[in-house]
Amino acid sequence: MSTAEQPTPGKRRGRRPGGQDTRAALVQAAREVFSESGYEGATVRAIAARAGVDAAMVNHWFGGKEGLFAQAVLQLPFDPIQLFSELMDGPVDELGKRIVRRFLTVWDATDGGAFPALVRSIASHDQAALSLKDFLIRHVLENVVGHVSPDRPELRATLCASQMVGMGMARYVAMFEPFSTTDVETLAAAVGPTLQRYLTGDID
């Protein structure tokens, strides 16, 4: 076999061919490590080791731990405009169930995605709390409440948010059983009516 035909051994560490796969590996590894340790407990070395690359790649691609956190955790996997359209597509009296079903379906597809990392990081990283509040309340629930609720929209939106965050905590962080392994439709049927009351019912 000629030299040109011989395969080139793959590198275990350092920048990967093309670069983008290194970046993607770091984002995935960061999401896992931040979920396990929170922002304060996660280290660049641990994230790089999980991704199988040199720690210098974190600075190369993200400028450091803060930039990587922003990409891996603060970028939530929802388009607010599209999500609002999907949630409003159906009878108003089933809106609570649709909200539960939609959020859990997306989170389940990624074992909670960035949610555990956000929750574990709130105590040590102000932007984590702001990101969750900004997305869940300002960009989603306030819009929904504004279209269907008879009064007290801010209170209703935060009541719904408290229910959603509580579900995420129980299912993906504390992993309460059998809640964490119960199928989405059962939870939508059980929790949806509570959200529905917050959205359109009497809360006095």
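Q: Why do Arg102 and Glu86 count as a salt bridge?
A: The closest N and O atoms of Arg102 and Glu86 are 2.8 Å apart. A salt bridge asks for a side-chain nitrogen of Lys or Arg within 4 Å of a carboxyl oxygen of Asp or Glu, so the pair qualifies. The two sit in distant parts of the chain, Arg102 in helix α6 and Glu86 in helix α5 (residues 80-87), 16 residues apart. Helices here are DSSP runs (H or I, at least four residues; strands are E, at least two), numbered from the N terminus. Bear in mind that this is a predicted model: local features need pLDDT of at least 70, side-chain atom pairs count only at pLDDT 80 or more, and totals for chains, interfaces and linings use all residues. Residues are numbered from 1 along each chain as its sequence is written, and side-chain values use heavy atoms, with hydrogens and water left out.

Q: What makes Arg102 partly exposed?
A: Its relative accessible area is 28%. Buried means under 20%, exposed over 50%, and partly exposed in between (1.4 Å probe, protein chains only), so Arg102 lands in the middle class. Glu86, at 31%, is partly exposed too.

Q: How do you know that Asp134 and Arg138 are separated by about one helical turn?
A: They're four residues apart in helix α8 (residues 126-148), and that spacing is why. Asp134 and Arg138 also form a salt bridge, with closest N and O atoms 2.5 Å apart.

Q: What makes Arg50 and Glu36 a pair that ties together parts of the chain?
A: Their side chains meet in a salt bridge (2.9 Å, N to O). Arg50 lies in helix α2 (residues 44-51) and Glu36 in helix α1, so the parts joined are 14 residues apart in sequence. Glu32, Glu36 and Arg50 are linked in a network of salt bridges.

Q: Why is the Phe34 and Phe69 pair called edge-to-face?
A: The centres are 4.9 Å apart and the planes make 85°. Rings of Phe, Tyr and Trp (its six-membered ring) pair if their centres lie within 6.5 Å; planes under 30 degrees apart are stacked, over 60 edge-to-face and the rest tilted, so the label follows. Both Phe34 and Phe69 are buried.

Q: Why is the pair of Trp107 and Tyr172 edge-to-face?
A: With ring centres 5.9 Å apart and planes at 80°, the pair gets that label because of its angle. Trp107 belongs to helix α6 (residues 95-109) and Tyr172 to helix α9 (residues 153-173), 65 residues apart.
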